[in-house]
Amino acid sequence: MPPTAAEFREAVSRFATGITVVTCVVDGLDHAMTANAFASVSLDPVLVLVSVERESRFHDAVSVTSGWGVSILSTDSEPVARWLATKGRPLEGQLDKVAYHRSPNLGVALIDDALATLECRTVATHPAGDHDIVIGEVIAIETRADGRVGEASVEPLLYYRRHYRSIASGESSD
Ligand SMILES: Cc1cc2nc3c(=O)[nH]c(=O)nc-3n(C[C@H](O)[C@H](O)[C@H](O)COP(=O)(O)O)c2cc1C
């Protein structure tokens with residue numbers, strides 16, 4: 001018997017991940033989406049991927065832009081992660097209550113509290129079931145200063161078994 005979708009979801013929920021927000025701009029409108037299907041791919045050239053659901057608005061947006069941003073979130077940004085994963089939220093003004101800055105090359109939004117941010121130029125898009133795997137070459141990086149690592153505010157935001165978590169608490173914040 002092939003696995004059911006529920007069995008698959010239960011199994012892959014055991015794979016602990018970080019949380020990112022991916023962003024792009026189309027016709028002056030910011031698009032942003034919480035994503036944990038993010039991975040580093042290659043060192044030479046420096047490539048990353050994000051798997052984007054084809055039915056999402058972010059998919060339509062990233063398909064028509066040449067580049068996108070990735071913000072690797074700290075626990076400080078859990079409310080941002082929750083908000084940018086909310087289906088049907090208004091696109092216009094969705095970043096009004098989010099602290100962000102514009103990236104130097106692409107002008108995409110990058111989350112201020114992120115542990116690290118990347119600017120990426122799309123080099124390939126591969127259809128994969130109901131998602132597209134978007135591969136980007138990293139053109140710029142910001143990494144939060146080492147001096148702050150170890151403070152509670154620079155804990156990575158984690159996702160495990162459908163709950164947001166932190167290394168320190170090890171527990172769901174739900
Ligand atoms: C923890 C978490 C991780 C997610 N990761 C992804 C992902 O990697 N790819 C994706 O397409 N959607 C992912 N989603 C769902 C999107 O965040 C959600 O569908 C969002 O509303 C899409 O925004 P949009 O409709 O403006 O594109 C994730 C949701 C959560 C809660």
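## The main nonpolar core

In this predicted model, the largest nonpolar core has 17 residues, a core being buried Ala, Val, Leu, Ile, Met, Phe, Trp, Tyr and Cys residues joined through side-chain atoms within 4.5 Å. V22, V50, F58, W68 and C120 have the most contacts inside this core. Buried here means under 20% relative accessible area, exposed over 50% and partly exposed in between (1.4 Å probe, protein chains only). Among the elements that each supply at least two core residues are β2 (20–26), α2 (57–63) and β10 (131–143); these are DSSP runs numbered from the N terminus, helices being H or I of at least four residues and strands E of at least two.

A separate core of 14 residues includes I19, A81, A114 and Y164.

## Around the ligand

Of the 20 residues around the ligand (a heavy atom within 4 Å), T34, A37, S51, E53 and F58 come nearest. F58 also belongs to the residues with the most contacts inside the largest core.

Polar contacts are pairs of N or O atoms within 3.5 Å. A backbone N or O atom of N36 sits 3.0 Å from a ligand nitrogen, while a polar backbone atom of R57 is 3.1 Å from a ligand oxygen. The side chain of K87 places an N or O atom 3.1 Å from an oxygen of the ligand.

## Reading the numbers

Residues are numbered from 1 along each chain as its sequence is written, and side-chain values use heavy atoms, without hydrogens and water. Local features need pLDDT of at least 70 and side-chain atom pairs pLDDT 80 or more, whereas totals for chains, interfaces and linings use all residues.

Technical notes:
Polar contact = N/O pair within 3.5 Å; in protein donor to acceptor, adjacent residues only side chain to side chain.
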